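Please read the points below with the sequence and the model open. They are notes for someone meeting this structure for the first time.

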Amino acid sequence: MSITTVSTTPFSGQRPGTSGLRKKVTVFQQAHYLENFVQSVFDTLGDCSGKTLVVGGDGRFHNRVAVQTILRMAAAHGFARVLVGQGGILSTPAVSCVIRKHDALGGIVLSASHNPGGPDGDFGIKYNIANGGPAPESVTEAIYQRTESIREYRISDAADIDLNRIGAYRIEAMAVEVIDSVADYAELMQQLFDFDAIRKLFAGGFRMCFDGMSAVSGPYAKAIIEGQLGAPAGTVINAEPLEDFGGHHPDPNPVNAAQLIELMAAENAPDFGAASDGDGDRNMIVGRNFQVTPSDSLAVLAAHATLAPGYRAGLKGIARSMPTSQAADRVAEALGIPCFETPTGWKFFGNLLDAGKATLCGEESYGTGSDHIREKDGLWAVLFWLNLLAASGKSVEQLVSEHWARFGRNYYSRHDYEGVDAKGANELMASLRIKLATLPGQDLGHYVVALADDFEYTDPVDGSVSKQQGVRIVMSNGSRIVFRLSGTGTEGATLRVYLERYEADPAHHHLPTQQALYPLILIAEQVAGIAGWTGRAHPTVIT
Ligand code: VG1
Ligand code: CO
């Protein structure tokens, strides 16, 4: 074994987006592409002697190749120890959990999350810091700057290690431990939720379906829901992580998890349905013929949090991304705790969680989490719901309907225009920004504009400022339209239009969502000229 220095030249465009660097697999397969990025991460970290690194991914195509490369480079950079999940597998929340539990310096997550996988699909890489959370913008920006000037990287020529076998290995002077992918995470879940109560629920005949979407959550859900909580075998479907996710989009929303939605609408539907995404950090919650929007899920969990042992002491605060509905704000107000509004992306929650300002966090994009780790956590949300169902004896629909009756309903939907021409999408946003000053006070039919701006966030902990985080048009009655461009795609641009309408009167709580939002949908087109700029008359995905 020896360490060599390889000369290289920079690749343009290695700037991490909302959640890491995501590109086509074929881009990552180019010689030196992954190595340049990893060396830039290591250079940004500086001296790593004596330090521990965690490495794992969602098992998508190219995962194993990338893990072996990163191990050889970590050895060359002088890490003392690397913890890697068996088979190279660790869900995103599991990486966060393992970093925290083992006092690691940080971790590398290999995933493009909900993006499709396989040789023609997407791949991604993300660095997480010592708190277990995604690196903040100051760090990702420093990594990016480094990629622009990189001239060489260092790597060991050691042979591949056997990722399939749990045990201790050595590369150069560095110890490698292949660890059980599930154990640390499962132990943490047991501390947070009432496993006895959930066991009793299943023993009483309660039926559930968890759709692993052939992605990373399957082994976690099987071990915990079937193994530890006693749900019958077959409760977890599509449980085996596949390199191409079975050709599906591992994105847990009603459009992509159609199999689960169909099952939950059937005559003899289970009591509870759930799904998770490629890397296990998203969740979708479904009752019998009843879909829960992620924004409502956050609000319901917050309102009932003290039913779960890990949250019995109450919540310090709630944080949500700006486009997420304001349902959680009403719960925070009732509880007398603060509610924070952050830009899109989990990295913005880290400081609030570290500072003890927030306990629960959520995003409209099927992401929910808490201060137990520093990533959003799909299975955690599902277990939280199971705990609420067991402790309250109510159904999903009952819990949500009662929530609306108490707090009012925030009708909510996101319209995505995927893979549109980037130039048109950028021009749409630019033309919206020009209009912002003229919008307040305008009468748009059903609504009068109260505020129109480009969301800017000042982190209350470190004072860092993030600009241009989404154009929002807020009406005088609190209804909103938000426009932003996705930062996770790999082709063209994706325009996201977020629509929200508040309805206090329970007599109006059971309209079809798109109908309830129709006047706002028309205003969005009228104000932004979506069809003109994108050439699309309709969104590609509505959630
Ligand atoms: C999307 C979601 C955002 C989420 C991000 C990463 O980002 O909107 O809420 O944090 O994906 O989630 P964007 O920039 O495409 O809107 V994951 O599960 O892909 O790591
Ligand atoms: Co994800």
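Which of the 20 residues around ligand 1 come nearest? Thr18, Ser113, Ser365, Thr488 and Arg496 do, where near means that a heavy atom of the residue lies within 4 Å of the molecule.

1. Basis. This is a predicted model, in which local features need pLDDT of at least 70 and side-chain atom pairs count only at pLDDT 80 or more, while totals for chains, interfaces and linings use all residues. Residues are numbered from 1 along each chain as its sequence is written, chains are lettered from A and ligands numbered from 1 in the order in which they are written, and side-chain values use heavy atoms, with hydrogens and water left out.

2. By class, the shell around ligand 1 holds 10 polar and 10 charged residues and no nonpolar ones. Here Ala, Val, Leu, Ile, Met, Phe, Trp, Tyr, Cys and Pro count as nonpolar, Asp, Glu, Lys and Arg as charged, and the others, Gly among them, as polar. The space that ligand 1 takes is the largest cavity; a cavity is a set of points on a 1 Å grid over the protein atoms alone where a 1.4 Å probe fits but cannot get out.

3. The cobalt ion. Which residues coordinate the cobalt ion (ligand 2)? The donors are Ser113 (OG), Asp277 (OD), Asp279 (OD) and Asp281 (OD), at 2.0 to 2.1 Å. Donors are N, O and S atoms within 2.8 Å of the metal (3.2 Å for Na, K and Ca), and water is not among the atoms, so sites may look incomplete. Helices (H or I, at least four residues) and strands (E, at least two) are DSSP runs, numbered from the N terminus.

4. Positive phi. Most residues other than glycine have a negative phi. Ser113 has a positive phi of about 50° and is buried, with a relative accessible area of 2%. Buried means under 20% relative accessible area, exposed over 50%, and partly exposed in between (1.4 Å probe, protein chains only). Ser214, in the loop between β10 (208-211) and α8 (217-228), has a positive phi near 55° and is buried at 8%.

5. Helix α4. Why is helix α4 (residues 92-101) largely enclosed by the rest of the structure? Eight of its 10 residues are buried, among them Thr92, Cys97 and Ile99. At the start of α4, a side-chain oxygen of Ser91 comes within 3.0 Å of the backbone nitrogen of Ala94. After α4 comes Asp103, with a positive phi near 50°.

6. Asn36. Is Asn36 buried or exposed? Asn36 lies in helix α2 (residues 33-45) and is buried, at 0% relative accessibility. Its side chain reaches the backbone oxygen of Thr9 at 2.9 Å.

Technical notes. On a 1 Å grid over the protein atoms alone, a cavity is a set of points where a 1.4 Å probe fits but cannot get out, and a pocket is an open set with protein on both sides within 12 Å along at least five of seven lines; lining residues have an atom within 4 Å of a point. A molecule sits in a cavity or pocket if more than half of its atoms lie within 2 Å of its grid points. A polar contact is a pair of N or O atoms within 3.5 Å; within protein, one must be able to donate a hydrogen and the other to accept it, and residues adjacent in sequence count only if both atoms are side-chain atoms.
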